[in-house]
Amino acid sequence: MSGEIRFFELNTGAKFPSVGLGTWQSHPGLVGEAVAIAIKMRRMVSVMIPYSIALSDWVELLGAFSVKGFHIIWQGESLLLGNNPFEDAPVGYRHIDCAQVYGNEKEIGIVLKKMFEDGVVKREDLWITSKLWCTDHAPEDVPEALNRTLQDLQLDYLDLYLIHWPVRMKKGSVGFRPENLTQPDIPGTWRAMEALYDSGKARAIGVSNFSTKKLGDLLEIACVPPAVNQVECHPSWDQRKLHAFCKSREVHLSGYSPLGSPGTTWLKSDVLKHPVLNMVAEKLGKTPAQVALRWGLQMGHSVLPKSTNESRIKENFDVFGWSIPEDLFAKLSEIEQARLLRGSSFVHETFGPYRIVEEMWDGEI
């Protein structure tokens with residue numbers, strides 16, 4: 001798969017942006033700025049200009065670029081030619097991935113409101129995802145949880161609303177104490193999600209962290225099939241079995257932690273340090289992060305890199321207009337596999353439905 005791959009079509013017919021900004025572990029005070037940077041970002045095209053060019057030709061060249069609506073930035077021996085800052089064409093991130101449990105939706109909502117009011121972007125040109133937390137699985141609590149998220153984000157609707165985990169916890173509980181784990185009722189919760197879809201407040205619904213078996217069980221009883229299953233996915237955990245199942249049932253797989261969550265201190269992640277990934281990056285003149293993200297697009301799933309660093313936000317979006325050749329792409333499939341986020345907090349010998357991690361993932365571990 002090559003080309004731009006800027007969107008994937010969902011089973012609802014909607015165009016789902018292939019690259020979104022993740023906001024998990026984006027700290028208050030930083031997440032809003034990161035969202036603003038991502039949305040307002042402009043595409044830049046580097047043009048090498050030889051020093052031998054005559055001064056008169058320089059003047060004529062720069063004038064031509066200006067007339068065509070480019071703004072010009074010097075960088076070393078190159079000119080960076082960017083889109084006209086007043087042009088309407090969307091070139092920055094158009095998907096922001098949120099969740100109530102991340103604790104930063106209010107800050108994101110303030111930024112989104114300002115973006116809309118200032119005419120930076122229209123609401124209909126952004127895709128906003130959020131997720132139902134484990135304490136709100138009771139059917140009567142699902143619409144209330146969505147309303148809180150809509151209020152925090154200052155929106156009238158979500159483009160996508162996901163069940164965050166196939167896990168239920170006592171209403172009002174905080175943290176991950178095992179005694180708060182209870183038996184989930186996914187069919188009941190899903191019926192409440194379907195009602196939100198019917199109301200238009202969630203224009204697509206889906207799940208997150210569902211194994212092949214759990215997704216299959218849900219598809220058996222769903223009137224509205226899930227549009228998306230958002231799961232951990234990167235070259236060191238490629239989810240091939242789940243990927244194939246999702247494709248066969250027209251459920252889009254969306255990959256979180258596509259870089260292996262390198263900023264997560266409690267995870268030992270060496271995804272971006274893998275020698276095969278670095279070899280491919282060196283051959284292509286790209287960073288390991290860019291190769292990991294482009295790999296995801298060519299695998300056929302969307303990616304959700306998280307960063308609050310401006311340069312990395314921009315670097316992570318430079319995955320279009322080039323592709324990984326077939327021979328190098330095949331090399332990436334040789335990387336040994338290991339799940340990073342195991343969901344151990346939801347596993348307990350007494351409380352909840354899962355006694356061991358393997359039960360949580362139905363053997364996909």
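The model is a predicted one, in which local features need pLDDT of at least 70 and side-chain atom pairs count only at pLDDT 80 or more, whereas totals for chains, interfaces and linings use all residues. Residues are numbered from 1 along each chain as its sequence is written, and side-chain values use heavy atoms, with hydrogens and water left out.

Helices (DSSP runs of H or I, at least four residues) and strands (E, at least two) are numbered from the N terminus. In helix 8 (residues 275-284), the buried residues (under 20% relative accessible area, 1.4 Å probe, protein chains only) are Val-276, Leu-277, Val-280 and Ala-281. They cover an arc of only 135° around the axis, taken from the directions from the helix axis to the C-beta atoms, and therefore lie on the same side of helix 8.

The buried residues of helix 8 pack against helix 9 and helix 11 (326-332), contact meaning heavy atoms within 4.5 Å. The axes of helix 8 and helix 9 (residues 288-299), 8 Å apart, form an angle of about 100°; the two helices are therefore roughly perpendicular, a class that spans 65 to 115 degrees. Leu-277, Asn-278, Val-280, Ala-281 and Leu-284 in helix 8 meet Pro-288, Val-291 and Ala-292 in helix 9.

How values were computed. Axes are lines fitted to C-alpha atoms, for helices over the stretch in contact, and angles run from 0 to 180 degrees between N-to-C directions. Angles under 35 degrees count as roughly parallel, over 145 as roughly antiparallel, 65 to 115 as roughly perpendicular and the rest as oblique. Buried means under 20% relative accessible area, exposed over 50%, partly exposed in between (1.4 Å probe, protein chains only).
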